[in-house]
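Subject: Structure for you to look at

Hello,

Here is the structure I promised to send. Please open it alongside this note; my findings follow below.

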Amino acid sequence: MKNWSTLLLLIFLAAGASAQTGGSAATATPPETLQLKESGFDFGKIPQGRPVTHIFEIVNTGSKPLLLDNVQATCGCTTPEWSRAPIKPGATAQIKVGYNAAADGYFTKSITIQYNSNQTKVLTITGNVYRSATTSAPANASLSLLKYQQQ
């Protein structure tokens, strides 16, 4: 009788252990649903005072609609624009990122995409803003001569 009790106890413990490992698969991280065609972009050299933009494309690789909850930049000089509409499975969407090149020098800015309530991805833009000329081009004296000859 003791052997039967021990055998039943072992079977019960084995069944409980397999149920726990089966449950961990259900709580595993869901497969990735947002795929970036590129995660960063380098604007190269930009003249100071000239805002620039770049469009990042994303793809919904999941089987359910994808919702971009928020797209936020690290500072006010970078402005993301995106559609609030759900992205259907297999469809693409765009995130337009603008940068106000007011200050000269090298820059690196991060843009965080929050989607499906609890997931994130990060985009990065870089570039080098060079100082524009502070004076205008010198006057062209030959233009004034042409004006007088036409009269």
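How many helices and strands does the secondary structure of the protein come to? There are 2 helices and 8 strands. Keep in mind that this is a predicted model. From the N terminus on, the order is α-β-β-β-β-β-β-β-β-α.

Strand pairing: β3 covers residues 52–60. β3 runs antiparallel to β1 (residues 34–36), and 3 bridges join the two. Look for Leu 34, whose bridge partner in β3 is Asn 60. β3 also pairs with β6 (residues 92–99), again in the antiparallel sense, over 8 bridges. There, Ile 58 stands opposite Ala 93 of β6.

Aromatic rings: the structure holds 2 aromatic pairs. Phe 41 and Phe 43 make an edge-to-face pair, with 5.0 Å centre to centre and 80° between the planes. Phe 41 is partly exposed, at 26% relative accessible area. Phe 43 counts as buried because its relative accessibility is 15%, under the 20% cut-off. Tyr 99 and Phe 107 have ring centres 3.9 Å apart and planes at 15°, so this pair is stacked. Tyr 99 is buried at 6% relative accessibility, and Phe 107 is buried at 5%.

Whole chain: 25% of the 151 residues are buried. The protein exposes about 10500 Å², and carbon and sulfur atoms supply 57% of that area. Of the contacts between residues at least 6 apart in sequence, 64% join residues at least 24 apart.

Best wishes

Note on methods: Residues are numbered from 1 along each chain as its sequence is written. This is a predicted model: local features need pLDDT of at least 70, side-chain atom pairs count only at pLDDT 80 or more; totals for chains, interfaces and linings use all residues. Side-chain values use heavy atoms; hydrogens and water are left out. Two strands pair if DSSP finds at least two bridges between them. Helices (H or I, at least four residues) and strands (E, at least two) are DSSP runs, numbered from the N terminus. Buried means under 20% relative accessible area, exposed over 50%, partly exposed in between (1.4 Å probe, protein chains only). Contact means heavy atoms within 4.5 Å. Accessible areas come from the Shrake-Rupley method with a 1.4 Å probe; for residues, only the protein chains shown count as cover. Rings of Phe, Tyr and Trp (its six-membered ring) pair if their centres lie within 6.5 Å; planes under 30 degrees apart count as stacked, over 60 as edge-to-face and the rest as tilted.
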